Amino acid sequence: MNTLLHRFGSIIKGSIEGFDRLVFKGTLKPIAFALGMQAFLRSQGVLNKDYKDWVTKKSAAIIESAEAYSQKYCGRGTIYIPSINIRKEELAHDLQKESGVKDGLIGVWSCVESCKTYRSTFDTAAGYPSLQHADSRCKHLYFYYDHPDYGFMSVRLQTWAPYGIQIAINGREWLRRFLDKEKCGYIVDGNKFLHIDDYELAQRLLNSQLDTNWEQMLSGFAKEVFPGMSEILGDRMKYYWTLWQSEMATDYIFNDPESLNPLMERFVRHAIMTGTYDR
């Protein structure tokens, strides 16, 4: 039995356990290394020395597509972010409040950030230009949604090859959307549930997240933000997905603040002494 529930069950009205933060990275494995990228360019009739011109044109097409996508669903174009130090998530939350978006695309942002890509250099051993891994900077696109199934989430797309993609979702946001569909009432503050009408239902819904077809879900988002992928890379190129960051969390919802307040000092002291306190 859960120790905390055993000791304080009389003042805890419910608990839930499941996914919190989940961040996935998508990699196009055939072009994720220099020789693979060279082979792809060769199949397209592009010389190694022309890589920069090729990738610049493709990047422009991706950015133009994102602009049209944002105009279609938000009525505004892509918003440029001048500094990497600006928190994109805060911008998205502010715009959502301002625009009143309840579900769907909140907005698209762009920012020039560091990236892993390739550079064409003369290979003296081979006697001709070849591609080498290079640290560079290119435009990245950020798509923020309040999705009808997954709640508040984001997709980040690198506009230069090898076109890495990152998708961040939140299990509690996902649960919120589940509960809406089940017409189950709740009180939420940010990422914290303060009350749920049916805790058993909420736990079943959290458990059902484990049965998700992750490849289908993630690839669906990739097609949404990168619709020109097949035109640029061909129909056979697909993302390989890895779970980059993950958090499981257990929430204990107390009957009322008065029940919890006398215990908070003890909980905080325990968290600091055991190294589980992160704020």
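Guide: Start with a definition. Rings of Phe, Tyr and Trp pair if their centres lie within 6.5 Å, with the six-membered ring used for Trp. Keep in mind that this is a predicted model.

Visitor: Which residues form one aromatic cluster?

Guide: The structure holds 16 aromatic pairs. One aromatic cluster is formed by Phe 19, Phe 24, Tyr 145, Tyr 150, Trp 174, Phe 178, Trp 214 and Phe 221.

Visitor: Are the rings of Phe 24 and Trp 214 stacked, tilted or edge-to-face?

Guide: Planes under 30 degrees apart count as stacked, and over 60 as edge-to-face. The centres of Phe 24 and Trp 214 are 5.4 Å apart and their planes stand at 35°, so the pair is tilted.

Visitor: How many residues apart are Phe 24 and Trp 214?

Guide: Phe 24 is in strand S1, residues 12-27. Trp 214 is in helix H7. The pair links distant parts of the chain, and the separation is 190 residues.

Visitor: Is Trp 214 buried, partly exposed or exposed?

Guide: Buried means under 20% relative accessible area, and exposed means over 50%. Phe 24 has 6% relative accessibility, so Phe 24 counts as buried. Trp 214 has 22%, so Trp 214 counts as partly exposed.

Visitor: Which parts does the pair of Tyr 145 and Phe 221 tie together?

Guide: The ring centres of Tyr 145 and Phe 221 are 6.3 Å apart, with planes at 50°, so this pair is tilted. Tyr 145 is buried at 5% relative accessibility, and Phe 221 is buried at 6%. The two residues are 76 apart in sequence, so the pair ties together strand S4 and helix H7.

Visitor: Which ring does the charged end of Lys 25 sit over?

Guide: Look for a lysine over a ring. Lys 29 lies over the face of Tyr 240, 4.3 Å from the ring centre. The charged end of Lys 25 is 4.2 Å from the centre of its ring, which belongs to Trp 244.

Visitor: What distance separates the end C-alpha atoms of helix H3?

Guide: Helix H3 covers residues 51-74, which is 24 residues. At 1.5 Å a residue, H3 should span 34 Å. The distance between its end C-alpha atoms agrees: 34 Å.

Visitor: Which helices do the buried residues of H3 pack against?

Guide: The buried residues of H3 include Tyr 51, Trp 54 and Ile 62. Strands S3, S4 and S5 are among their packing partners. The helices they pack against are H2, H7 and H8.

Visitor: Which residue just after H3 takes a positive phi?

Guide: Look just past the end of H3. There, a phi of about 75° belongs to Gly 75.

Methods:
Residues are numbered from 1 along each chain as its sequence is written. This is a predicted model: local features need pLDDT of at least 70, side-chain atom pairs count only at pLDDT 80 or more; totals for chains, interfaces and linings use all residues. Side-chain values use heavy atoms; hydrogens and water are left out. Helices (H or I, at least four residues) and strands (E, at least two) are DSSP runs, numbered from the N terminus. The expected span of a helix is 1.5 Å times one less than its number of residues. Buried means under 20% relative accessible area, exposed over 50%, partly exposed in between (1.4 Å probe, protein chains only). Contact means heavy atoms within 4.5 Å. A charge sits over a ring if NZ of Lys or CZ of Arg is within 6 Å of the ring centre and within 35 degrees of the ring normal.
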